[in-house]
Amino acid sequence: MPIITYREALNQALREEMSRDDRVFIMGEEVGVYNGAYKVSKGLLEEFGENRVVDSPIAELGFSGIGVGAAMAGLRPVIEFMTWNFALLAIDQVVNSAAKMLYMSGGQFNVPIVFRGPNGAALQLGAQHSQAFESWLAHIPGIKVVSPGTPYDAKGLLKSAIRDDNPVVFLEGEMLYNTKGEVPEAEYLIPLGKADVKREGSDCSIITSGKMALVAVQVADQLAKEDIHVDVVDLLTIRPMDVEAIYASVRKTQRAVVLEEGWELCGIGAQVVDFIQRECFDDLDAPVLRVHQADVPMPYAKGLEKIAKPDAAKTIAAIKQVMYRA
Amino acid sequence: MASKKKPDPRRDSQSLRVAGDPALDRELLHSMLLQRRFEEKVGEAYALGKVGGFCHLYIGQEAVSTGIIAQLRPDDYVIGTYRDHGQALVRGITPRAVMAELFGRIDGCSRGKGGSMHMFDRHTNFLGGHGIVGSHVPVAAGVGFAIKYRGGDQVCVCFMGDSVVNIGAFHEALNMAALWKLPVLFVIENNRYGMGTSVERAAAVDDLSRRADGYKGMDGVVIDGMDVHAVRTATEAAIARARTESLPSLLEVRTYRFRGHSMSDAVSGTYRPKEELDEYQTMDPIFSLRDAMVIAGTLTVAEWDAMEHEVAATVQDAWDFADASPEPPPAALYEDVLVDTTS
Amino acid sequence: MATKVFMEALSPTMEEGRLVKWNVAEGTAVKSGDVLAEVETDKAVMELVARGDGVLRKQFVAEGATVPVSSVVGVIAAADEDIGAIVSLAVGVAATAPAAAASSSAVTASATSATNTASAPASAQVTAPVAAPAVAPVVAGSTGPTRSSPLARRLAREGGVNLGAIAGSGPGGRVIKRDIEAAMSGAGAAAPSATTASRAAAVGDFVDEPLTQIRKTIAKRLAESIGPIPTFFLTAEFDMSRVVEMRTQAAALGDDFKVSVNDIVLKAVATALAKHPEVNAHWLGDKIRFFNRVHLGMAVATDDGLIVPVIFDADRKGLRELSRESRELAAKARERKLTPNEYTGSTFSVSNLGMMQIDQFTAIINPPECGILAIGALEDTPVVLDGAVTVRKRMRVTMSCDHRVIDGAVGARFLQELRRMLENPLMLVF
């Protein structure tokens with residue numbers, strides 16, 4: 001099986017879906033002539049022309065609204081945000097327009113749109129460029145929120161997202177674009193709303209998604225050497241959340257750690273913990289612990305940034321604590 | 001009875017409210033009168049608790065919706081603000097469906113889930129009343145983008161209030177519409193007040209139409225919004241430009257609302273004097289046209305009375321229909337959040 | 001046609017309005033849209049407009065009055081129109097409106113006071129007993145309720161384990177899964193706490209005393225026993241006259257030969273067990289372990305409660321040694337000086353309440369053992385012997401048997417053996 005980067009996997013997904021359906025177009029800053037700020041859309045302008053690969057001005061609110069209007073009128077836009085930090089300028093279109101149109105029109109106008117771009121911190125980009133927005137977006141009914149961590153997942157999920165008739169928020173990671181993994185040549189889709197168990201183990205569950213899924217797998221492999229076997233549940237889609245996968249894992253391991261890139265308060269982990277306490281209360285042998293970013297804006301200094309981020313060491317410490325092996 | 005029209009220093013267009021083609025005049029008059037009487041009934045329904053929430057009446061501005069929407073094709077698109085009842089009616093959503101929506105009933109055009117501010121209708125390409133000022137302007141540009149993407153010759157008309165010209169979304173949308181030559185009519189209904197703040201106190205520009213100057217190739221036009229013919233004539237050209245050359249326009253239609261910002265706001269008071277309201281009411285777009293027609297001999301008093309009766313019956317029928325329509329069942333709560341299809 | 005003038009909902013949240021001022025006097029002609037009055041809503045002062053043409057014939061509400069939305073406040077009609085029906089209706093409404101308001105506030109008030117009176121005694125009832133123990137001396141080393149993970153609670157419930165008897169190994173003493181598993185495998189008995197519990201002086205109606213570790217262990221063990229162990233009981237009455245005679249004769253030989261009746265019973269039980277390993281066994285879940293050695297547990301009452309020290313190889317020990325050991329163990333038990341290896345490992349147990357004048361009782365098996373013998377008091381009992389009534393020293397014993405291991409006849413045979421020995425104590429010397 002070919003081994004390609006996350007970036008190439010996304011590029012393949014876009015190319016395949018644009019070839020399959022001529023209503024699909026991509027719009028955003030630098031997606032065309034520049035080949036994409038992170039080169040995800042590389043080569044697409046050449047192949048599909050400027051009608052379908054549209055360089056927009058720096059106007060997130062404007063072009064995301066244009067995406068919504070185009071979707072209401074029958075097209076299938078893929079709106080690229082150079083990063084999700086900039087998408088805050090467009091949050092009105094995601095929340096007030098895309099997410100609510102179907103409901104407030106009594107089912108008449110669905111908005112088949114994908115909002116995608118890198119989410120979460122990279123390295124030393126400072127406070128305004130280092131934020132994870134999963135919990136903000138997953139709060140909103142009427143949209144789906146997807147957060148893949150591997151090239152295989154990225155491709156299969158982006159293809160499904162583009163074909164979905166609902167608004168889909170697709171969270172990538174700047175640090176992920178160069179990571180590599182096996183991606184089959186044959187076409188495949190990964191359904192939205194289904195989690196993937198990345199490692200099987202009976203001692204403790206890690207519930208996670210996106211970039212943190214890679215950390216979780218690393219943790220699982222490391223702890224296996226200490227005879228601690230971790231079940232890694234990669235949610236893949238945060239809304240709707242595959243709660244059954246969470247329950248199955250926690251019922252098996254009887255303890256869980258939720259690992260996420262965002263902040264603690266009202267984070268994804270808070271919701272996961274709520275699901276677990278509701279449905280798996282009698283299965284728990286320890287409180288569920290969370291690993292997340294420190295409750296501060298991201299600092300620039302390298303050392304501070306490192307301790308602010310969730311990582312393998314913090315995750316291992318949490319796992320040992322819930323296993324009473326600390 | 002002669003129209004006691006005074007020159008309006010705030011309006012550039014001084015076209016006479018004269019009658020034209022009798023059949024067309026009658027159609028325009030009927031369209032405006034239906035909106036007026038319908039909304040008066042809405043006010044009554046609101047007072048009796050049949051209609052809830054925020055409710056913004058269009059009374060006084062009927063010439064704008066009638067003057068523009070009545071000349072669109074069925075496959076064109078209309079999108080507007082929370083002050084959307086009049087536009088919905090002119091676009092062809094039935095008075096029954098609009099009233100039932102206001103009553104929050106299952107037979108409403110948005111199944112009772114939208115309410116006063118969110119009228120939608122797929123059959124007439126009515127893309128909604130939108131509740132966030134400025135939010136729908138880029139959406140309109142997106143509809144224009146889709147038309148052009150497919151090589152169609154439809155147009156999209158986007159109604160907005162005067163306060164929109166000061167918000168970022170407006171400028172982002174106009175910039176891209178001009179940049180990419182999108183077939184959109186951006187229609188500012190300048191009723192002189194954004195809620196209680198006058199245009200003069202909100203916009204650092206005298207003529208709102210001059211906002212178009214910032215965008216290459218975009219026409220900015222000022223129109224007398226109390227004269228349905230003036231609205232019609234001016235927008236005819238803009239529609240043609242959009243349809244044949246795929247060019248956007250910015251139309252500033254000067255009008256006036258005879259009611260408060262919403263049902264819970266005062267009609268006049270600290271922000272606008274009663275005298276100003278009185279003055280504008282002498283320019284009422286409906287009675288001006290009626291009087292001109294009577295003078296021209298194309299409308300008799302008996303015909304007018306008959307039209308009033310017919311409209312009153314239509315409105316009463318809408319009320320009765322809405323009142324009899326059931327509330328959405330509890331099961332509807334979780335419907336229409338997502339569709340379960342892919343394409 | 002007459003038009004009623006309603007108090008209109010002039011804001012979405014308005015439920016009543018105050019009619020600030022009538023702009024139009026009664027008898028004045030009005031047109032639809034004319035401002036009739038000013039109304040103060042919950043948000044602002046708004047205009048109430050006419051919704052019909054005619055004469056404002058009546059004002060039903062005085063300036064300054066507040067009425068609910070939808071009340072009729074006036075009527076517009078033609079100058080000569082009969083409005084009698086509306087007037088009588090509206091006057092009725094206007095009259096009842098304030099009354100309704102008054103009664104609704106009365107409801108609120110009484111509801112409030114009802115709540116207060118209802119809650120006052122309830123809280124008194126609840127707080128008083130709670131407060132009482134707080135006055136009692138706090139027992140040293142007391143702990144709060146047992147902390148446990150939800151999983152541990154579920155496992156304990158399913159396994160019939162008494163959670164309170166387990167010392168948790170998690171943070172803050174939390175009982176977790178591994179503690180339950182250890183307890184269920186029999187290895188998890190917590191060491192008795194070294195804290196000295198002094199029984200609190202009785203103050204008030206009752207005293208709450210925290211569980212000592214030993215009490216927890218007793219509870220756990222006994223609950224474990226009575227729950228899952230299918231127990232049956234065999235009672236027999238032995239003639240102890242010869243035992244008593246033998247004891248008296250031995251004591252006459254000097255201090256070196258002084259033993260108690262209980263010592264002799266222990267010796268007999270141990271000897272009988274050696275001959276009947278089928279009752280000298282442990283139930284181990286997936287197997288039964290029959291012992292070739294006899295480690296006899298003897299229940300000892302202490303101030304804290306019951307503990308069962310073990311006389312190892314009791315069948316191989318002479319009466320003198322057995323007697324000395326049982327005395328030492330009992331003393332150590334009372335002084336709480338037993339080490340765990342002195343109270344674990346018994347294969348069968350004996351509990352004697354004879355000295356407490358209990359005639360007969362049933363004892364609870366100490367798992368994983370399969371039997372325990374409950375010894376009653378020695379009593380002078382008239383019996384028929386060789387056709388004549390005579391008085392003999394008699395003693396009742398009841399054996400509790402785990403039916404999973406011991407069948408009725410098996411237990412009975414063991415008691416027959418024991419009877420033979422106690423009624424012919426000379427056998428114990430051989």
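This section describes the chain contacts, a helix pair, a sheet and some backbone features of a predicted model.

Chain A meets both of the other chains considered here. The contact between chain A and chain B takes 38 residues from chain A and 36 residues from chain B. On the side of chain B that touches chain A, at least two residues each are supplied by β2 (126-130), α5 (136-149) and α6 (168-179) of chain B. The largest share of that side comes from α5(B), with 10 residues. By class, the side of chain B that touches chain A comprises 19 nonpolar, 11 polar and six charged residues. In the contact between chain A and chain C, eight residues of chain A are in contact with eight residues of chain C. On the chain A side of this contact, four residues are nonpolar, one is polar and three are charged.

Within chain B, helix α1 (residues 22-47) packs with helix α10 (residues 285-296) at an angle of about 150°, and the two axes are 9 Å apart. Because angles over 145 degrees count as roughly antiparallel, α1(B) is roughly antiparallel to α10(B). The crossing in which α1(B) passes α10(B) is left-handed. From α1(B), the contact is made by Asp25(B), Leu28(B), Leu29(B), Met32(B), Leu33(B) and Arg36(B). The partners from α10(B) are Pro285(B), Ile286(B), Leu289(B), Arg290(B) and Met293(B). Eight residues of this helix contact are nonpolar and three are charged, with no polar residue.

In chain C, six strands form an open sheet of mixed pairing, in the order β9-β18-β17-β16-β12-β15. Strand β12 (residues 296-298) of chain C runs parallel to β16(C), and three bridges join the two. Gly297(C) is placed opposite Ser349(C) of β16(C). Helix α9 (residues 408-423) of chain C lies across β9 and β18 of chain C, and its direction is at about 20° to β9(C).

Two cis peptide bonds are described, one in chain A and one in chain C. In chain A, the cis bond joins Arg239(A) and Pro240(A), with omega about -5°. Pro240(A) belongs to the loop between β12 (237-239) and α9 (243-253) of chain A. In chain C, the cis bond joins Pro367(C) and Pro368(C), with omega about 5°. Pro368(C) is located in the loop between β16 (348-352) and β17 (371-385) of chain C, two strands that belong to the six-stranded sheet.

Positive phi values are also found in residues other than glycine. Arg111(B) has phi of about 55° and is not a glycine. This residue lies in the loop between α4 (95-102) and β2 of chain B. Arg111(B) has 24 other C-beta atoms within 10 Å and therefore counts as buried, the cut-off being 20 or more. Asp386(C), likewise not a glycine, has a positive phi near 50°. Its place is in the loop between β17 and β18 (388-402) of chain C. Asp386(C) has 5 C-beta neighbours inside 10 Å and so counts as exposed, for which the cut-off is 12 or fewer.

Terms used
Residues are numbered from 1 along each chain as its sequence is written. Chains are lettered from A and ligands numbered from 1 in the order in which they are written. This is a predicted model: local features need pLDDT of at least 70, side-chain atom pairs count only at pLDDT 80 or more; totals for chains, interfaces and linings use all residues. Two residues are in contact if their C-beta atoms, placed from the backbone, lie within 7 Å. Ala, Val, Leu, Ile, Met, Phe, Trp, Tyr, Cys and Pro count as nonpolar, Asp, Glu, Lys and Arg as charged, and the others, Gly among them, as polar. Helices (H or I, at least four residues) and strands (E, at least two) are DSSP runs, numbered from the N terminus. Axes are lines fitted to C-alpha atoms, for helices over the stretch in contact, and angles run from 0 to 180 degrees between N-to-C directions. Angles under 35 degrees count as roughly parallel, over 145 as roughly antiparallel, 65 to 115 as roughly perpendicular and the rest as oblique. A crossing is left-handed if the near helix is turned anticlockwise from the far one by less than a right angle, and right-handed if clockwise. Two strands pair if DSSP finds at least two bridges between them.
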